[in-house]
Structures are given as structure tokens and as C-alpha cells.
Amino acid sequence: MKALQIDFAERPLWRLPATRQRRILAAVGVVTALAWTAVLWWWQLLEQRLAETTQAIALARQEIVARSPPPPPPLLLSEQQVVAINRIVEQLNTPWPALLDGFERVAGADVALLQIEPDHRRHVVKGVAEAKDHQRMLDYLEQLGSVAPFNGAMVTRHEVNERDPNRPLRFMFEALLADATAGAATASEHEGNSE
């Protein structure tokens with residue numbers, strides 16, 4: 001028979017005889033310690049890589065700032081530049097389809113249209129044309145002034161082309177745009193109401 005060990009004094013856990021439970025407990029403790037050591041080592045490695053990456057990003061930003069040209073100063077336009085830009089915008093906003101339709105409606109064999117140029121400040125279209133005689137010139141301007149988008153047309157200058165054997169009458173004219181008369185009427189009404 002096997003002898004029994006009876007000990008009435010409690011021994012600490014580490015002084016217990018090497019039993020299977022004690023070995024399992026020791027193995028679990030060693031594995032846990034190794035796992036915690038591996039986790040701490042991995043954590044420190046990640047923190048070190050994060051610090052290196054943050055430092056590399058900061059250096060890259062500094063290099064980008066050093067290589068980048070300075071931002072351009074804000075664009076400040078003079079009054080003349082603003083006026084010039086507004087004129088260009090007005091020219092780009094010319095209602096060419098309506099203007100060309102108006103000129104095509106009065107086109108005929110008696111008058112040759114040579115040039116047209118809108119003048120947005122005065123709300124007119126300037127033009128150069130040639131006619132066979134004075135009466136045809138006047139008829140053309142009367143017809144032009146009565147079609148949309150025009151509201152009247154008048155001769156500004158005329159001369160006979162002596163170099164041409166047919167001696168056509170070259171004339172310069174201005175055709176008032178219809179929306180300009182509405183704007184002028186509105187402006188005159190406002191002036192009359194303010195008095």
C-alpha cells in the first residue's frame with residue numbers, strides 16, 4: 001500500500017509537490033508570460049514604425065513646401081481693366097443669330113453689305129455697304145430699321161467709289177438695336193418721375 005502524506009500546515013502553491021496540476025499551471029504561466037512579452041514587443045515595434053512614418057511625412061511636407069513656388073498675389077484689377085473686360089464680355093454676348101437674321105431679311109441684289117460691327121456702349125450696329133445709287137441706299141436703311149432686332153437705321157457717311165467702273169455708292173450706317181430703345185425709354189421715365 002502507498003503511504004499517505006498528511007500535512008496539516010498549508011504550504012504555498014510553489015512548494016507543493018510537482019503534480020500534474022502544478023505542471024499545467026506552470027506551463028500556462030510560462031505561455032502567458034511569453035504571450036505578453038510578444039505583445040509588448042509587437043506594440044513597441046508598431047509605435048516605433050508609427051513615429052518613423054510620422055517623421056517621414058513631416059519631412060516630406062517640409063520638402064514639398066520648400067519646392068513649391070509661393071502662391072501668386074491676389075489679382076487686383078484696375079478700373080480700366082474692369083472696363084476692358086466688361087467690353088469683351090459684351091462683345092461675346094452679342095446676339096449674332098438675331099443680328100444676322102435681321103440683315104438677311106433685307107438682303108437684296110441692289111445693296112452689298114461689306115462689314116458690320118456692334119457698338120455695345122451706344123447699343124447700335126455699325127456697318128459699311130455699297131449701293132448702286134442714293135435711292136437704293138435709303139430704301140435699304142428704311143427696310144433695315146423696320147425689322148427685328150433693329151429700331152431704325154441712318155447714314156453716318158457716304159461717298160462714291162471712283163476706282164470702281166460702276167461707281168457704287170459706299171456708305172456707313174448705324175442701326176439702333178431694339179432693346180436699346182426700351183432701355184432708353186425706361187431711363188427717361190425714371191428721370192421724369194424723379195423730377
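At 15% relative accessibility, Glu130 counts as buried. The views below come from a predicted model, in which a search of the whole structure finds seven salt bridges. Three of these pairings are described here, beginning with the partner of Glu130.

**View 1. Glu130 and Arg170 meet in a salt bridge.** The nitrogen and oxygen of this pair lie 2.7 Å apart. Glu130 belongs to strand S2 and Arg170 to strand S4, so the contact ties together parts of the chain that are 40 residues apart in sequence. Arg170 has a relative accessible area of 31% and is partly exposed, while Glu130, at 15%, is buried.

**View 2. Glu174 pairs with Arg122.** The closest N and O atoms of this salt bridge are 2.6 Å apart. Glu174 sits in strand S4 (residues 169-177), whereas Arg122 is in the loop between strand S1 (111-119) and strand S2 (124-131). The two residues are 52 residues apart, and the pair links distant parts of the chain. Glu174 is buried at 10% relative accessibility; Arg122 is partly exposed at 41%.

**View 3. Lys126 forms a salt bridge with Asp119.** Here the closest N and O atoms are 3.7 Å apart. Asp119 is buried, with 12% relative accessibility, and Lys126 is partly exposed, with a relative accessible area of 34%.

**View 4. Asp119, Arg122, Lys126 and Glu174 belong to one network.** Salt bridges with shared partners join these residues. Among the members, Glu174 counts as buried and Lys126 as partly exposed. Side chains of opposite charge can pair when their charged atoms come close.

How values were computed:
Residues are numbered from 1 along each chain as its sequence is written. This is a predicted model: local features need pLDDT of at least 70, side-chain atom pairs count only at pLDDT 80 or more; totals for chains, interfaces and linings use all residues. Side-chain values use heavy atoms; hydrogens and water are left out. A salt bridge is a side-chain nitrogen of Lys or Arg within 4 Å of a carboxyl oxygen of Asp or Glu. Buried means under 20% relative accessible area, exposed over 50%, partly exposed in between (1.4 Å probe, protein chains only). Helices (H or I, at least four residues) and strands (E, at least two) are DSSP runs, numbered from the N terminus.
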